[in-house]
Amino acid sequence: MAKMKKAPRPKAETPKGFRDYFGVEVTERADMLHKIAGVYHQYGFDALETSAVETVEALGKFLPDVDRPNEGVFAWQEADEDGAGDWMALRYDLTAPLARVYAQHRNDLPTPYRRYAMGPVWRNEKPGPGRFRQFYQCDADTVGTASMAADAEICAMLADTLEAVGIPRGDYVVRVNNRKVLNGVLEVMGLEEGETRDAVLRTIDKFDKVGEAGVRELLGKGRLDASGAYIEGVGLSDDQAGPVLGFLTSKSDEASETISNVRQAVGGSQMGLEGVQELETIANLLVAQGYEPDRIVIDPSVVRGLGYYTGPVYEAELTFEIHDEKGRKRQFGSVAGGGRYDDLVKRFTGQAVPATGVSIGVDRLLAALREKGRIGGRVEGPVVVTVMDRDRMSDYQAMVAELRQAGIRAEVYLGNPKNFGNQLKYADRRGSPVAVIEGGDEKEKGIVQIKDLVLGAKIAESATLEEWKERPSQFEVPRDQLVAKVKEILDGQGK
């Protein structure tokens, strides 16, 4: 009888496009989510947690690829009695689930309905540097009102949120535009729905990268990019391209002047003029709340969601410089965006339901704070109570309990206690600020040794013998003063 082959061991590796998050990364993200939720809650938004799985039918035409329901999203078909059931998919954003929830529960929800949601979303797209198939989003949306006050509020809340997580004024700007204005400009140009119109929109979206001259070339015959490759242009004449360039260059330091310039750019387009009026209303509401152009600015170059947004659109951009993988300076760029989408709920109800909202990319925002050195410092580990006598584990557990009851993060060393040096190495690897030592002699005398590991490391780096003697990093205190001394050391470390 042939000998059966053993099944190969599985490879211990993360799937392509995914990654694992450890200790401090998880803690930093949880802290950021808490701060963001605090601002959303302060603005009167209620939390909502939806299923990670939706039917492909519910996700609808806003799937990344509507012709292939298992492309762009992680999807599968459930088997029913006939062998072919509904297509299901992991959510690719938090807005599509909101539309389904509102349509399903609208009779039980207040109108307007203000909700925020946080959690992972999944995109079945090609991964790249810093681009993963699973990432976190933080959304806030108002469903059921067409008032521009809702859009102004979202912009103000976005600015407040950035400051709450550690991005100061001067390092960010929230830019606001309106799709109706953009459509009005295209109407003035005589461009109907089609490939040329889409090409113009894509070209407008490149304004920040290539500037006025670059857009002019791309709207015309084309241009050479930085690599020397020739990029075909849209093929518009100078007269046709004029309204687009006038629109893109209409931004001014004063919102009123920008709006006046935009009004000229849309000419007699009724849709365009409606969009201008909405921008003017938003600008006035923001000024009334104290949000000046150094925080929120009307910017005609913002283009988002070509087939998605129906009115105001906004984008939060970090303005400080970073170095890319080749050492070149560049701005960090966008970390959040959103806008008004009045057609999404209509798919379920048949009736237009106005809605507006914003989504923050948590992972990009965390990366920005790390880049600025505002997070990502020393890992704050627990106080470690070492074990000198394994038969006295109850004594050590009693110490840990006292520390925890005082609000101090602490643990007992649960490895092999035979080698005391290994216990201190463990504490160092955990980033522990303090180690507690109680051997038989200390127990008999009613004392404990408390080692300041942070100070000890600093002394070991540079101190002379005399300095080491003058600045001891280990303290002997009565057992009943354990908690007080540990608190004193942690306070001195700035914990």
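Two residues are taken to be in contact when heavy atoms lie within 4.5 Å. The structure is a predicted model, in which local features need pLDDT of at least 70 and side-chain atom pairs count only at pLDDT 80 or more, while totals for chains, interfaces and linings use all residues. Residues are numbered from 1 along each chain as its sequence is written, and side-chain values use heavy atoms, with hydrogens and water left out.

Under this contact rule, and not counting residues up to four places away in sequence, Ile 375 touches Glu 28, Leu 366, Leu 369 and Arg 370. Ile 375 sits in the loop between helix H12 (362-371) and strand S14 (383-385), where helices (H or I, at least four residues) and strands (E, at least two) are DSSP runs numbered from the N terminus. Although 351 residues separate Ile 375 from Val 24 in sequence, their C-alpha atoms are 9.7 Å apart in space.

An open, antiparallel sheet is formed by three strands in the order S2-S4-S3, two strands being paired if DSSP finds at least two bridges between them. Strand S2 (53-55) and strand S3 (75-77) stand at the edges with a single partner strand each, so one side of each is left without a neighbour in the sheet. Three bridges join S2 to the antiparallel strand S4 (residues 87-90), and within this pairing Thr 55 has Met 88 of S4 as its bridge partner.
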